[in-house]
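Here is a short briefing for a first look at this protein chain. Keep the structure open while reading.

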Amino acid sequence: MKEISLTGIKPTGDLHIGNYFGAIKPALELAKTYDARYFIADYHALNTMKNPVELNSTIRQVAAGWLAAGLDPEKVIFYRQSSIPEVFELTTMLMAFTSKGLMNRAHAYKAAVQENNERGTDPDAGINMGLFTYPVLMAADIILFDSDVVPVGRDQVQHIEMAQDIAQAINANYGKPVLKIPRAGVQEYSAVVTGLDGRKMSKSYGNTIPLFAPEKTLRKTIMQVVTNSQAVEEPKDPDTSQIFLLYKLFSDAEEQAALAARYRAGGMGWGEAKEELFRAANRELAPMRERYDAIMADIPALDKILEQGAEKARPIAAATVNRFRKAAGID
Ligand code: ADP
Ligand code: TRP
């Protein structure tokens with residue numbers, strides 16, 4: 001039997017090519033080797049997103065984005081966290097085995113307290129219980145589906161360790177393996193995609209190339225990639241060019257060698273280099289954009305896909321909760 005992998009996706013909206021190459025594409029690869037499950041962590045997003053219109057639309061945008069990028073809902077399980085009531089039942093049960101001290105040590109909570117202390121405000125100012133108990137909800141997401149591997153970035157490893165601690169405490173209490181102990185699958189080499197200005201591409205830096213922007217916008221954005229002031233005739237170094245770095249994401253080795261030779265020969269200006277980047281990017285992104293637009297044009301159909309995913313997920317979830325309830329004497 002294949003191992004189970006589980007990927008939680010926070011619906012934070014406005015997907016960019018950094019998200020695509022750094023997170024979406026590698027996560028979709030997992031479906032080849034694992035029994036893969038993907039879910040939109042919408043109740044996690046509620047901790048920070050209080051605008052209903054915004055949250056409602058980012059949930060759909062992100063779900064449509066993953067489908068457009070190639071997630072096949074027939075082959076994997078794809079659902080919304082909020083459609084699985086067992087997540088919250090399990091969260092309550094896990095709470096009984098989670099020491100408050102463990103939550104006090106969570107990085108995100110500690111950082112928020114430290115920020116308040118530095119500002120001289122009340123240490124708990126602006127911190128809701130959702131943030132404080134975030135690791136328990138995440139542990140429930142993971143444990144509910146008997147996950148073996150949870151692929152995450154370095155910042156999330158602590159959360160996986162907490163899920164392990166909580167599950168182990170439960171198994172130790174009942175003297176049997178009631179819950180499966182998950183492990184983190186850290187992607188050591190997950191490359192950092194750099195943005196228009198050469199820094200890490202990030203929403204918070206405003207240097208992103210959007211994944212599903214219309215062709216015209218994509219072209220306009222690519223024309224904003226920073227360059228030096230070398231003239232057209234001058235030979236250029238592809239290895240230090242931000243344009244070339246981005247070009248590599250969208251081309252094969254042969255194309256890269258050919259374009260690198262044109263950089264080095266001189267006679268190609270930055271405008272032309274950007275045109276080449278646009279052509280390569282658009283070649284890969286255009287079909288995805290078309291799929292995305294088609295999905296977003298039929299939200300009821302999208303919701304149906306997510307509902308069908310939840311229908312596949314719920315029996316698995318119910319089995320875990322029942323196993324736990326039985327072990328706990330609540331059956
Ligand atoms: P942002 O920095 O734009 O807010 P998020 O924090 O929402 O992006 O990132 C969502 C996922 O995309 C994470 O798994 C993260 O590792 C990945 N990711 C984001 N930006 C990049 C990037 N520039 N290069 C590689 N991966 C990225
Ligand atoms: N905390 C994760 C993030 O910020 C999202 C997430 C929620 C998650 N629940 C999860 C990831 C369960 C993996 C498994 O990206």
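Is Asp146 buried or exposed? Asp146 is buried, because its relative accessible area is 18% and the cut-off for buried is under 20%. The model is a predicted one, so every value below is computed from predicted atoms.

**The chain as a whole**

- The protein chain holds 14 helices and five strands.
- Its 331 residues include a buried share of 47%.
- Along the principal axes, the C-alpha atoms of the chain fill a box of roughly 80 × 50 × 35 Å.
- Take the contacts between residues at least 6 apart in sequence: 77% of them join residues at least 24 apart.

**Asp146 and its loop**

- Asp146 sits in the loop between α8 and β4, the latter spanning 149-152.
- Its phi is positive, at about 50°, although Asp146 is not a glycine.
- Most residues other than glycine have a negative phi.

**Where α4 meets α8**

- Two packed helices are described by the angle between their axes and the distance between the axes.
- Helix α4 covers residues 86-95, and helix α8 covers residues 134-144.
- The two pack at an angle of about 115°, and their axes lie 8 Å apart.
- The crossing of α4 and α8 is right-handed.
- From α4, the contact draws on Glu86, Val87, Phe88, Leu90, Thr91, Leu94 and Met95.
- From α8, it draws on Val136, Leu137, Ala139, Ala140, Asp141, Ile143 and Leu144.
- Sorted by class, this contact has 11 nonpolar residues, one polar residue and two charged residues.

**Val87, on the α4 side**

- Val87 belongs to helix α4.
- Val87 counts as buried because its relative accessibility is 1%, against a cut-off of under 20%.
- Leaving out residues up to four places away in sequence, Val87 touches Gln81, Leu137, Ala140, Asp141 and Leu144.
- Val87 and Lys110 are 23 residues apart along the chain, and 25 Å separates their C-alpha atoms.

**Ala139, on the α8 side**

- Ala139 lies in helix α8.
- Ala139 is buried, with a relative accessible area of 0%.
- Leaving out residues up to four places away in sequence, Ala139 touches Leu94, Ala163 and Ile166.
- Ala139 and His159 are 20 residues apart in sequence, and their C-alpha atoms are 7.4 Å apart in space.

**Helix α6**

- Helix α6 runs over residues 107-119, 13 residues in total.
- From its first C-alpha to its last it reaches 18 Å, close to the 18 Å expected at 1.5 Å a residue.
- Which residues of α6 are buried? They are Tyr109, Val113 and Asn116.
- These residues sit on the same side of α6 because they cover an arc of only 60° around the axis.
- An α-helix has 3.6 residues a turn, so residues three or four places apart point the same way.
- Glu118 and Arg119 are exposed on the other side of α6.
- The cover over the buried residues of α6 includes α5 (100-104) and α7 (129-132).

**Helix α10**

- Helix α10 covers residues 215-222, and its buried residues are Leu218, Thr221 and Ile222.
- These buried residues fall within an arc of 95° seen down the axis of α10, so they line one face of the helix.
- What do the buried residues of α10 pack against? They pack against α13, which spans 270-296.
- Lys216 and Lys220 are exposed, on the face of α10 turned away from its buried side.

**Thr7 in strand β1**

- Thr7 is placed in strand β1, residues 4-9.
- Thr7 is buried, with a relative accessible area of 8%.
- Leaving out residues up to four places away in sequence, Thr7 touches Ala27, Leu30, Arg37, Tyr38, Phe39, Trp66 and Pro151.

Note on methods:
Residues numbered from 1 in each chain as written. Chains lettered and ligands numbered in written order. Predicted model: local features only at pLDDT ≥ 70, side-chain atom pairs only at ≥ 80, totals over all residues. Heavy atoms only, no water. Axes fitted to C-alpha atoms, helices over the stretch in contact; angles between N-to-C directions. Helix = DSSP H or I, 4+ residues; strand = E, 2+ residues; numbered from the N terminus. Left-handed = near helix turned anticlockwise from the far one by under 90°. Contact = heavy atoms within 4.5 Å. Nonpolar A, V, L, I, M, F, W, Y, C, P; charged D, E, K, R; others polar. Expected span 1.5 Å × (residues − 1). Buried < 20%, exposed > 50% of the residue type's maximum accessible area, 1.4 Å probe, protein only. Arc of directions from axis to C-beta.
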